[in-house]
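The model is shown first.

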Amino acid sequence: MFEGMATAILALSQPHVIGIIILGTIIGLVAGVLPGLGNVQAMAVALPFTFGMDRITAIYFLSSIASSATFGGSITAILINIPGTPANATTVFDGYAMTKRGEADRALAISATASALGGLVGVAVLVGAIPIAQWMTLQFGPPETFMLVLLGLVTIAYAVQGNIVLGLVTAGVGMLISLIGNSPVTGVYRFSLGSKQYLWDGIQQVPFLIGVFGLSEVIRCGMQRGAVAQVGEIARTKLSGILRGAVETFRYPYTFVQSTIVGVIVGIAPGVGGSVSNVLAYALAAQTSKDPMYGKGSAEGLVAAESSNNATIGGDAIPTLAFGIPGSAAMAVLMGGLTLHGVAVGPWLMKEHMEIVWVVVFGLTAGNVLSSVFGLLVTRWMARLPTVPMGLVLPIVVMLVFVGAFAVRENFWDIGVTVCSGVLGYFLIRYGFSPLPFIIGFLLGDSAELAFLQSLHISQGSPLIFLNHPLSLGLFLASVAVGIYPVLRSRVIKEA
Amino acid sequence: MGRMLEGRAILTILMLVFELYVVVVGFGYGPNSRIFPVGIGIPTLVLTIVALVAVWRPGLLRSSDARLGGSSIAVELPADEERENVSYPTVRVLRMIGWLVLSFVGIALVGFRVTVPIYILLFARLEGRANWLVCTLIALSCWAFIIGYFELFMQTQMFQGIFFGATLPLF
């Protein structure tokens with residue numbers, strides 16, 4: 001454990017790694033500021049650029065992007081009433097009201113402080129969870145791994161989609177797509193439509209990921225011709241207001257603790273991200289707040305909104321690093337990055353690559369703190385970014401996505417996969433299917449099949465192996481419980 | 001609302017066709033190669049049929065709702081999706097997809113070096129409505145970055161395009 005930590009710290013002391021973290025933080029902030037884009041899109045576009053980096057530098061880069069976009073989104077929420085990311089949806093209520101009262105500097109400082117502290121608490125919980133997760137992963141064999149994937153998919157399908165049937169359909173389709181190409185166990189070419197030059201190797205993760213998360217957003221953003229926002233005079237910020245706001249954050253310890261707990265718990269639930277924790281924590285704080293200005297320019301509201309969404313990121317990382325079940329879309333892209341750099345993600349990650357876990361921990365921490373500091377320094381400039389017409393930004397993103405998709409393997413057809421998955425991702429979102437179960441099904445398909453076949457091999461073909469192991473049985477029962485929960489809930493509501 | 005459901009039905013049917021393909025073709029493989037795809041494919045197929053019925057028979061859906069668990073089966077239309085459907089006509093979506101296909105074809109024919117600046121220039125001019133100078137500057141800067149980073153720094157062999165001798169083997 002400490003050897004891994006030492007490796008991560010040693011890397012962090014190198015100038016080029018510090019530079020890459022700063023770059024990642026700036027990219028994340030800019031993506032957060034631009035409505036429609038967020039950490040997921042920024043990470044998806046940045047993913048192929050990590051190909052020339054060593055593994056640790058690449059993960060520092062992606063982790064810093066992951067944790068910095070949320071504060072970027074709060075800048076536009078506070079200054080121009082447009083949440084930069086869905087995770088800043090409730091920030092506008094109090095943040096923009098404070099700006100209209102001439103307290104933009106105070107609002108930004110509260111947001112920056114709450115974001116940084118919330119993010120740090122999230123990461124602290126992640127660190128605290130490492131020994132427990134390490135112990136748990138030691139109990140995992142192939143049957144447990146398969147049942148864990150099953151539980152993860154059922155949970156994500158229900159939690160993200162809110163409609164377990166549609167969620168399971170997209171997860172199942174994603175998993176089936178991952179099976180295209182040669183079987184990892186038997187080596188048989190499957191579902192490759194006779195393509196021996198391309199599909200024999202399956203659909204590649206990186207082009208598929210950047211298509212679904214990056215290109216689908218390009219199509220959506222391309223619907224609007226002009227700029228996202230017409231911004232008038234941006235409020236000026238003063239150092240005195242910033243200091244006052246930073247100190248004021250500490251006057252709401254109860255709200256802060258409550259919101260970060262909500263954020264971390266929501267983060268740990270696979271597939272649910274900052275947009276849920278932000279609303280949930282804000283609504284909870286509204287129940288307990290005695291501030292008559294809550295919702296109309298209250299510091300407490302800002303603390304609730306911004307501490308929860310940043311705490312979620314640390315929570316998201318727990319199932320991702322401990323079990324290989326992505327806690328959010330950003331963590332799914334991070335998983336893609338780990339795979340790209342030859343790190344197999346699953347319950348074995350903490351056994352074999354503890355240094356990667358620490359790199360993610362330090363990367364998230366650095367991104368959190370740096371984004372708050374940088375964000376405060378350049379707020380006026382950042383708030384002007386949404387005025388740039390999308391027609392100028394999008395062709396650059398498209399070309400970066402295409403070059404990135406190609407560069408990973410220097411295969412032209414990977415660009416075709418990106419186009420197809422981008423279009424598919426757009427229509428999934430447009431017609432009410434969540435792309436997250438789809439992607440997670442795709443990412444976990446291979447390892448699920450491997451674990452499934454290994455289990456049957458151990459038991460000489462008997463499927464009872466999944467029920468004979470206590471942990472595997474527990475995970476199976478948990479999957480069934482999550483699956484039938486909506487049925488029971490509906491019955492209870494109906495009878496009531 | 002109608003268009004939304006129609007679109008969802010088409011998408012669901014496409015998924016159904018893919019699942020049928022996997023299941024039917026899957027049965028042709030050996031036991032170890034087929035057990036997982038077929039094992040995942042069949043339940044997914046059943047759920048997709050349920051989702052399809054839910055699109056076409058909202059009345060039936062409500063009754064199956066009560067049977068299967070209410071909110072979990074209900075086809076709820078998120079407000080933002082509806083807004084998106086109203087705001088952006090299909091022709092606009094097709095236009096954006098057309099831009100992507102155009103760039104894909106451009107890269108296939110003449111490679112990255114030629115396509116990158118021309119695509120950015122045209123897109124920024126026609127969609128972004130920027131003046132020629134701004135478009136040219138953006139196109140050249142992006143071209144220099146992509147060539148500089150990928151071709152010179154990372155030593156990536158950028159695709160040259162069919163017109164310049166590249167081949168595209170698929171089958």
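Predicted model: local features only at pLDDT ≥ 70, side-chain atom pairs only at ≥ 80, totals over all residues.

## Second largest pocket

Two chains take part in the lining of the second largest pocket. From chain A, at least two residues each are supplied by helix 2 (15–33), helix 3 (39–46), helix 4 (55–80) and helix 18 (390–407). From chain B, helix 6 (132–153) likewise supplies at least two. Helix 2 of chain A gives the most, with seven residues. By class, the lining of this pocket holds 27 nonpolar residues, six polar and one charged.

## Helix 6 against helix 16 in chain A

Within chain A, the axes of helix 6 (residues 104–138) and helix 16 (residues 354–377) come within 8 Å and cross at roughly 175°. Angles over 145 degrees count as roughly antiparallel, so helix 6 of chain A is roughly antiparallel to helix 16 of chain A.

On the side of helix 6 of chain A, the contact is made by A:Leu108, A:Ala109, A:Ala112, A:Ser115, A:Ala116, A:Gly119, A:Leu120, A:Val123, A:Leu126, A:Val127, A:Ile130 and A:Gln134. Helix 16 of chain A contributes A:Met354, A:Val357, A:Trp358, A:Val361, A:Leu364, A:Thr365, A:Asn368, A:Val369, A:Ser372 and A:Leu376. The residues of this contact divide into 16 nonpolar and six polar, with no charged residue.

## Cavity

The structure holds one cavity of 30 Å³ or more. The volume of the largest cavity is about 60 Å³. Its lining consists of A:Thr145, A:Leu148, A:Val149, A:Phe323, A:Gly324, A:Ile325, A:Val345, A:Gly346, A:Pro347, A:Trp348, A:Leu444 and A:Ser447.

Helix 7 (142–161) and helix 20 (435–458) of chain A are the elements that give two or more residues to the lining of the largest cavity. The largest share, three residues, comes from helix 7 of chain A. Eight residues of the lining of the largest cavity are nonpolar and four are polar, and none is charged.

## Overall dimensions of chain A

The secondary structure of chain A comprises 22 helices and two strands. Along its principal axes, the C-alpha trace of chain A spans about 70 × 55 × 50 Å.

Chain A has a radius of gyration of 22 Å. For 496 residues, a compact globule would have a value near 23 Å, which agrees with that of chain A.

Definitions and conventions. Residues numbered from 1 in each chain as written. Chains lettered and ligands numbered in written order. Heavy atoms only, no water. Helix = DSSP H or I, 4+ residues; strand = E, 2+ residues; numbered from the N terminus. Nonpolar A, V, L, I, M, F, W, Y, C, P; charged D, E, K, R; others polar. Axes fitted to C-alpha atoms, helices over the stretch in contact; angles between N-to-C directions. Parallel < 35°, antiparallel > 145°, perpendicular 65-115°, else oblique. Contact = heavy atoms within 4.5 Å. 1 Å grid on protein atoms, 1.4 Å probe; cavity = no way out; pocket = protein on both sides within 12 Å on 5 of 7 lines; lining within 4 Å. Points joined across faces, edges and corners; volume = space filled by probe spheres on them. Rg over C-alpha atoms; globule rule 2.2 N^0.38 Å.
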